[in-house]
Amino acid sequence: MSEDNNKNLDNNLARSLPANILAEQMLLGSILTNNEHYNKVSDFLQVDHFYEPVHRRIFEAVTIFIDRGMLANLVTLKNHFDQDPALNAMNQSDYLVQLSSLSTTIINITDYAKTIVDLAVRRHLINIGEDIVNNAYNPGLKSSANNQIELAEQELFNLGTLGRESNANFAAIKSSLTIALEKIQVAFKRQEHITGISTGFLDLDKYLCGMQNSDLLILAGRPSMGKTALAINLALNSCFYLRDHHKKNKDEEEVTPSVGFFSLEMSSEQLATRMMAIISEVHSSNLRSGQISESDFTKIVKASKDLAELSFFIDDTPSVSIAALRTRARRMKRRHNLSLLVIDYLQLIRGSSKSSEDSRVQEISEITQGLKAIAKELNIPVIALSQLSRAVEQREDKRPLLSDLRESGSIEQDADIVMFIYRDEYYLVRKQPKEGTSEYEKWQSDMNKVTNVAEVIIAKQRNGPVGGVKLHFDSRTTKFDNHIDIHY
């Protein structure tokens with residue numbers, strides 16, 4: 001190691017953690033002199049933000065006294081700290097008096113509080129940096145480098161919210177009514193009369209009024225019912241809607257709103273192939289096998305160009321954790337104005353906490369709460385696909401119920417909307433009787449009624465009605481569309 005490097009290392013070791021003891025003293029003195037000053041900083045200033053341990057004790061005591069509706073001043077705190085050895089050792093009465101005398105020079109207490117918070121964030125940042133270095137050097141650590149990166153990103157994001165002033169204050173009903181009326185006015189002016197992001201399906205939009213920001217939507221169904229296909233259709237329809245709406249209102253957002261799709265089961269190439277089949281209306285199996293005509297190829301080229309222009313992003317990382325998913329969603333929101341997130345599917349996400357490792361129910365609860373938190377934090381709709389239990393197959397009526405959701409307690413509780421995808425055709429085609437019999441004729445008549453018909457069952461909606469919506473489903477291209485019997 002060179003001499004210059006040695007000097008730099010010595011200087012780094014000699015540096016003390018950033019802190020401003022005088023600012024802490026002046027702030028505490030100001031509060032002791034006038035307890036009203038506490039209310040100006042209590043929204044964002046916390047005990048841990050103080051560097052000096054004695055100051056932490058004093059601020060904690062002040063908080064307790066004020067929360068109880070008591071006066072926190074020299075007299076009350078003296079009695080409280082009589083048994084505190086740390087303060088007794090430094091003559092607590094004289095020190096509290098000294099703090100009060102410093103308050104006379106304070107003009108704006110919030111500036112001092114923000115200084116204390118900023119220095120606390122810097123100290124936390126130093127600690128995170130040290131942990132990152134130590135973990136990276138530790139050969140016995142089980143976490144991979146990518147996991148360490150995700151953990152570091154999570155800690156840095158949490159640090160970014162440390163001490164941030166809260167905007168969650170009481171709002172007058174007048175302001176809330178203004179926001180509500182603005183949404184109603186937007187819905188009134190729109191031709192489709194919706195307040196959220198359009199699903200692309202007329203009847204479904206009537207029930208949901210579009211997919212609303214901060215909502216967690218669960219789309220569940222048994223295997224082969226078309227969950228993924230419907231999710232892709234919803235994502236594509238929403239992406240086209242967001243693009244067109246953005247073009248009409250260019251002044252609203254600088255960046256075109258985007259759709260994010262976490263595909264934990266399928267690769268991005270498989271997902272792209274499905275999307276091309278939906279847009280081009282070319283048989284999906286022909287796309288995979290290459291058995292296509294020249295006219296089909298022309299359709300595919302046009303479809304690929306249309307898709308390439310969309311602000312649509314796919315993440316096909318398998319077995320992603322809820323913490324990593326949250327971090328990537330935040331990043332996409334920051335870089336690409338994420339406006340809708342789709343996850344396929346919920347049961348393939350891993351929990352992040354140690355407690356979730358012991359219980360699958362706790363893990364699912366952590367995941368659904370995490371997804372709802374993402375929806376609220378980023379103010380976007382989140383669609384999560386979910387598997388159903390085999391209990392459906394044991395009943396005569398195969399239509400799903402809320403109780404059929406795997407780990408249904410937490411999923412049903414955290415979701416704003418629960419939808420099931422159901423197709424009678426899937427079950428009826430497997431009951432085909434022998435041709436030429438009366439049973440066959442009856443079966444054929446029933447098949448004609450349900451062929452290419454899918455039903456979206458809205459089993460729960462926190463802010464709207466429940467019911468069923470019929471859609472047309474083309475199994476060749478996996479494309480959903482409005483049902484042919486719909487009249488407006």
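The structure is a predicted model, in which local features need pLDDT of at least 70 and side-chain atom pairs count only at pLDDT 80 or more, while totals for chains, interfaces and linings use all residues. Residues are numbered from 1 along each chain as its sequence is written, and side-chain values use heavy atoms, with hydrogens and water left out.

**Exercise 1. Work out the strand order of the open sheet and find which strands stand at its edges.**

Step one is to recall that strands are DSSP runs of E with at least two residues, helices are runs of H or I with at least four, and both are numbered from the N terminus; two strands pair if DSSP finds at least two bridges between them. Step two is to read the order of the nine strands, which is 3-2-4-5-1-6-7-8-9, with mixed pairing. Step three is to look at the ends: strand 3 (312-315) and strand 9 (479-482) each have a single partner strand, so one side of each is left without a neighbour in the sheet.

**Exercise 2. Describe the aromatic pair of Phe 261 and Phe 312, and then that of Tyr 440 and Trp 443.**

Begin with the definition: rings of Phe, Tyr and Trp (its six-membered ring) pair if their centres lie within 6.5 Å, and planes under 30 degrees apart count as stacked, over 60 as edge-to-face and the rest as tilted. Phe 261 and Phe 312 are stacked, at 6.3 Å centre to centre with 25 degrees between the planes. Phe 261 belongs to strand 2 and Phe 312 to strand 3, so the pair ties together parts that are 51 residues apart in sequence. Tyr 440 and Trp 443, by contrast, are tilted, at 5.5 Å and 35 degrees; these two residues lie three apart in helix 20 (residues 438-450), separated by about one helical turn.
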